[in-house]
Amino acid sequence: MAPFLLLFALTFVAPVLYAVGQSFTRVTREGLFGQAGASSGFAGFENYARALSDGGFAASVGRVLLFGVVQVTVMIVAATVLALLLESASARWPGFFRTAYFLPYGIPGVIATILWSFLYVPGISPVLGLLAAVGIDLDPLAPSTVLWSIANIVTWAYTGYNMLIIVAQLKSIPKELYEAARVDGAGPLRIARSLQLPLVRPALVLATVFSIIGTLQLFAEPQVLQAVSPAISNDYTPNLAAYNSAFNYNDYGVASAQAVLIALAAFVLSAVFLGLTNRGRR
């Protein structure tokens with residue numbers, strides 16, 4: 001137990017405590033370019049006030065919340081449908097399709113975004129060329145569409161992962177329940193609605209909580225697409241805003257405050273969702 005606690009303290013507790021400490025720290029640099037040295041002191045809640053009053057950071061939070069409401073819903077529904085189809089009695093080659101759907105999860109987010117960017121750039125994408133040939137002009141990198149282009153990449157990458165969580169729960173349902181349902185005359189749709197969906201509820205809750213946390217951590221996809229889409233600003237998502245504060249402005253205090261606020265938002269949203277789902281079971 002001691003090695004585990006030591007690793008837990010070094011890899012989880014220590015970074016969190018350091019970030020919280022930095023969020024209450026003010027760094028003052030001397031000289032025109034800071035060449036005369038720097039001193040740090042206690043800043044109270046000044047960094048949090050600056051983070052919350054930053055219009056770009058507030059807009060990024062709203063943008064990601066909208067992204068999460070739409071993208072997480074679509075992804076969980078798609079993962080559930082795929083899992084039910086693959087576990088149905090008439091499914092053909094379920095092992096092959098489980099692997100095929102899961103494969104995008106094994107591709108790093110940066111590589112997946114680069115691959116998709118070839119389909120998003122007008123003049124390069126064969127898909128956009130075909131659509132233009134039939135009179136449909138679509139620009140996935142425009143300000144009004146780029147958020148959903150990112151959502152498409154995330155959904156493509158993580159639907160298979162969530163599908164496997166639901167499949168694992170489906171496989172734990174005793175075969176006797178299926179046999180009893182069929183004896184009572186239940187068809188595939190009735191079995192899915194009345195037997196499988198209620199019993200995979202824990203897996204759906206787990207997958208949704210993971211997705212909520214992942215949505216607030218959105219970083220790699222917009223950062224890579226930023227190279228081909230001017231619509232993505234340096235504070236397009238909360239994580240990008242924190243990265244921008246830290247490494248473009250060297251304002252580690254505000255960056256730490258933004259990171260702590262993102263972690264708190266993930267904790268609060270996950271707790272609210274778990275509270276709502278548990279209330280629904282009573």
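Helix axes are taken here as lines fitted to C-alpha atoms over the stretch in contact, with angles running from 0 to 180 degrees between N-to-C directions. The structure is a predicted model, in which local features need pLDDT of at least 70 and side-chain atom pairs count only at pLDDT 80 or more, while totals for chains, interfaces and linings use all residues. Residues are numbered from 1 along each chain as its sequence is written, and side-chain values use heavy atoms, with hydrogens and water left out.

The axes of helix α5 (residues 109-120) and helix α7 (residues 146-171) come within 11 Å and cross at roughly 135°, helices being DSSP runs of H or I of at least four residues and strands runs of E of at least two, numbered from the N terminus. The contact (heavy atoms within 4.5 Å) involves Ala 112, Thr 113, Trp 116 and Tyr 120 of α5 together with Ser 149, Asn 152, Ile 153 and Trp 156 of α7.

Thr 25 lies in strand β1 (residues 25-29) and, at 19% relative accessibility, counts as buried, a class defined as under 20% relative accessible area, with exposed over 50% and partly exposed in between (1.4 Å probe, protein chains only). Beyond neighbours within four places in sequence, Thr 25 is in contact with Ser 40, Gly 41, Ala 43, Asn 47 and Gly 253.

Trp 93, in the loop between α3 (55-86) and α4 (94-102), has a positive phi near 50° although not a glycine, and is exposed, with a relative accessible area of 63%. Asn 250, also not a glycine, has a positive phi of about 55°; Asn 250 is placed in the loop between α12 (238-247) and α13 (252-281) and is partly exposed at 40% relative accessibility.
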